[in-house]
Amino acid sequence: MDLAYIPSPSTGVIHLGPIPLRGYAFCIILGVFVAVWLGNKRWIARGGTAGTVADIAVWAVPFGLVGGRLYHVITDYQLYFSEGEDWVDAFKIWEGGLGIWGAIAFGAVGAWIGCRRRGIPLPAYADAIAPGIALAQAIGRWGNWFNQELYGKPTDLPWALKITESANREAGLYHPTFLYESLWCVGVALLVIWADRRFRLGHGRAFALYVAAYCSGRVWTEYLRVDEAHHVLGLRLNVWTAIVVFLLAVVYMVVSARVRPGREEIVEPRSGKAVDTAEETDGPQDAAKAGGEAKNDGTDAEDADPAGTDSGNAGSGSGKAESENAGSGNGAGSAAKG
């Protein structure tokens, strides 16, 4: 008799009053909120504006969901297009089935669109959001627990996962690979946060570290899984994907560190609020501070107007003009770095 094991939920649906919410969808939604929340804090710490991460996530999240589902359907097409299967099930995303590889790839396309619209360098945004993505994955894996899917090989360990019998699974105790990967993703998030503070990673290297660290853990969790999967040269397809993506991430970190060392000084163009501050200043010194690096063009405001009647206005106008030029230059430089 097994005295210790992790029970599976009796149902995959959570009822919020009269509204039914599937556990899988709930975990995905909660993970997105955590990723945006942490990403926003990191973006502000890098000098960005509050709300920018959420604005870009509006593009990245839908693209990511579509990409994740496409990867799953394409790599497991037999589940939907084989004889006796209903192809309409390919659209039932709430029943599970999101490939992280497709989610990240398509999500990056959506993020690129959002960043381009805001004049923000994509690598800087990716660095800010990387730990949040890892935490979102950690939370999202619990959706597999609700669906009783993607478990590992049979085991008698005290933390074995109890699976109930259904048409597509056999009752028994199995490795809780969802839990292994969830804990691994939490560790990846902590690793990226620590490394980013310690080495001031920039130009996409924090994101590349997240990718490499996640892939190294995905290899061994994938090895434990017993669900149906395509094999190439004796290894599951996702194992090969993890190996290839891991190598690409490591190469990117090495090359990027040599070509573009250090970290971006500016991650987001100056907002209109900074320009308004220059307009409300009373003298040339305040206007220069609001504009950043505004300089006199060879004549002092007091020399130009000895009587002092127009010096404040002249200084304010000069500071305003050069403030706008400085802000424009910073915005162009930021966009060029992306």
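Mentor: Begin with burial: a residue is buried under 20% relative accessible area, exposed over 50%, and partly exposed in between, using a 1.4 Å probe and protein chains only. This is a predicted model, in which local features need pLDDT of at least 70 and side-chain atom pairs count only at pLDDT 80 or more, while totals for chains, interfaces and linings use all residues. Residues are numbered from 1 along each chain as its sequence is written, and side-chain values use heavy atoms, with hydrogens and water left out.

Trainee: Is asparagine 144 buried or exposed?

Mentor: Asparagine 144 is buried, because its relative accessibility is 4%. It is found in helix H6, residues 142-147. Helices (H or I, at least four residues) and strands (E, at least two) are DSSP runs, numbered from the N terminus.

Trainee: What does asparagine 144 touch, not counting residues up to four places away in sequence?

Mentor: Contact means heavy atoms within 4.5 Å. By that rule, asparagine 144 touches Tyr24, Glu149, Leu150 and Phe178.

Trainee: Which side chain does the side chain of asparagine 144 join in a polar contact?

Mentor: A polar contact is a pair of N or O atoms within 3.5 Å; within protein, one must be able to donate a hydrogen and the other to accept it, and residues adjacent in sequence count only if both atoms are side-chain atoms. Here the partner is arginine 141, at 2.7 Å.

Trainee: Where does helix H5 bend?

Mentor: The bend at a residue is the angle between axes fitted to the seven residues ending there and the seven starting there. Helix H5, residues 122-140, bends by about 45° at isoleucine 129, and proline 131 follows within four residues. H5 is mostly covered, with 15 of its 19 residues buried.

Trainee: Why does leucine 191 count as partly exposed?

Mentor: Leucine 191 counts as partly exposed because its relative accessibility is 35%. This residue lies in helix H7, residues 177-199. Leaving aside neighbours within four places in sequence, leucine 191 is in contact with Leu209 and Ala213. The C-alpha atoms of leucine 191 and alanine 213 are separated by 8.5 Å, although the two are 22 residues apart along the chain.

Trainee: How many helices and strands are in the chain, and what share of its residues is buried?

Mentor: The chain has 13 helices and 6 strands. Of its 338 residues, 42% are buried. Among contacts with a separation of 6 or more, 71% are between residues 24 or more positions apart.
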